Amino acid sequence: MKNFTVPTRAEVSEKNQEILAGLEKAVGFVPNLYSYYSKSDTALADYLALANRKTSLKAKEKEVVNLVVSQVNGCEYCQSAHTAIGKMNGFSDEQILELRKGSASFDSKLDALVKLAKSITVNRGSASKEVVQGFFDAGYSEITLIDVVILIADKTISNYIHNLAQFPIDFPAAPKLEEVEA
């Protein structure tokens with residue numbers, strides 16, 4: 001089987017070297033995921049534009065979606081990265097585990113969001129009328145629904161990249177959970 005590698009900065013285009021330098025300055029290091037994207041002359045900039053787009057979702061809401069989608073898609077890299085980011089956004093370890101399992105008993109609005117994101121991911125773009133109605137009943141709008149779907153797609157891209165390439169995880173490892181049930 002092919003051995004996938006994370007390129008060094010010297011191995012990527014000058015444009016990507018500049019982007020990676022900016023990431024290192026902003027984050028303190030360059031996550032392997034972003035370095036891996038930089039193998040392509042365009043993927044890193046394209047992905048960052050998508051990931052950093054303006055959205056109706058607040059930072060905590062984005063992490064709810066990122067955590068459950070990464071769990072459903074079985075991406076240990078993104079589970080680990082978003083466990084760390086979730087903590088930076090105020091979630092406790094217990095809350096993060098619950099979100100990854102697909103619920104948020106500690107917040108009814110986030111519970112509706114995590115249930116919708118899980119259902120859409122598990123059902124490849126579909127969700128029951130009850131789950132969708134619960135999302136709207138919790139106070140979310142059609143604009144937010146669109147933003148949730150775009151975020152699911154964004155996270156799925158990273159999940160699939162890591163699931164295929166299996167480069168080293170450079171975040172503290174997220175605890176393992178049982179398989180997420182559909």
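Contact here means heavy atoms within 4.5 Å.

## About the model

This is a predicted model, in which local features need pLDDT of at least 70 and side-chain atom pairs count only at pLDDT 80 or more, while totals for chains, interfaces and linings use all residues. Residues are numbered from 1 along each chain as its sequence is written, and side-chain values use heavy atoms, with hydrogens and water left out.

Where is Ser-38? Ser-38 lies in the loop between α2 (32-37) and α3. Helices such as these are DSSP runs (H or I, at least four residues; strands are E, at least two), numbered from the N terminus. Ser-38 is buried, with a relative accessible area of 1%. The word buried means under 20% relative accessible area, exposed means over 50%, and partly exposed is in between (1.4 Å probe, protein chains only).

Is Leu-44 buried or exposed? At 0% relative accessibility, Leu-44 is buried. Leaving aside neighbours within four places in sequence, Leu-44 is in contact with Asn-16, Ile-19, Leu-20, Tyr-34, Tyr-37 and Ser-38. Leu-44 and Leu-33 are 11 residues apart in sequence, and their C-alpha atoms are 9.4 Å apart in space. Ala-43 is also found in helix α3 (residues 43-51), but Ala-43 is partly exposed, with a relative accessible area of 23%.

## Where α4 meets α9

Now look at helix α4 (residues 59-72) and helix α9 (residues 142-165), which pack at an angle of about 45° with their axes 9 Å apart. Axes are lines fitted to C-alpha atoms, for helices over the stretch in contact, and angles run from 0 to 180 degrees between N-to-C directions. α4 and α9 are therefore oblique to each other. For the wording, angles under 35 degrees count as roughly parallel, over 145 as roughly antiparallel, 65 to 115 as roughly perpendicular and the rest as oblique.

Which residues make the contact? From α4 come Lys-62, Val-65, Asn-66, Val-69 and Ser-70, and from α9 come Val-148, Leu-151, Ile-152, Lys-155, Thr-156 and Asn-159. Sorted by class, this contact of α4 with α9 has 5 nonpolar, 4 polar and 2 charged residues. In this scheme Ala, Val, Leu, Ile, Met, Phe, Trp, Tyr, Cys and Pro count as nonpolar, Asp, Glu, Lys and Arg as charged, and the others, Gly among them, as polar.

## Helix α5 and its partner

Helix α5 (residues 76-88) also meets α9: their axes come within 8 Å and cross at roughly 125°. That makes α5 oblique to α9. Tyr-77, Cys-78 and His-82 in α5 meet Lys-155, Ser-158, Asn-159 and His-162 in α9. By class, the contact has 2 nonpolar, 4 polar and 1 charged residues.

α5 has 13 residues and reaches 18 Å from its first C-alpha to its last, close to the 18 Å expected at 1.5 Å a residue. The expected span is 1.5 Å times one less than the number of residues in the helix. The buried residues of α5 are Tyr-77, Cys-78, Gln-79, Ser-80, Ala-81, His-82, Thr-83 and Gly-86, and what covers them includes α2, α4, α6 and α9. After α5 comes Gly-90, whose phi is positive, near 100°.

## A mostly covered helix

How many residues of α7 are buried? The count is 11 of its 15 residues, so α7 is mostly covered. The buried residues of α7 include Leu-110, Asp-111, Ala-112 and Leu-113. Among the elements covering the buried residues of α7 are α4, α6 (93-101), α8 and α9. At 1.5 Å a residue, α7 should span 21 Å, and its end C-alpha atoms are 21 Å apart, which agrees.

## Two residues with positive phi

Arg-124 has a positive phi of about 50° although it is not a glycine. Arg-124 sits in the loop between α7 (108-122) and α8 (129-137) and is exposed, with a relative accessible area of 80%.

Gln-166 likewise has a positive phi of about 50° without being a glycine. Gln-166 lies in the segment after α9, and at 52% relative accessibility Gln-166 counts as exposed.
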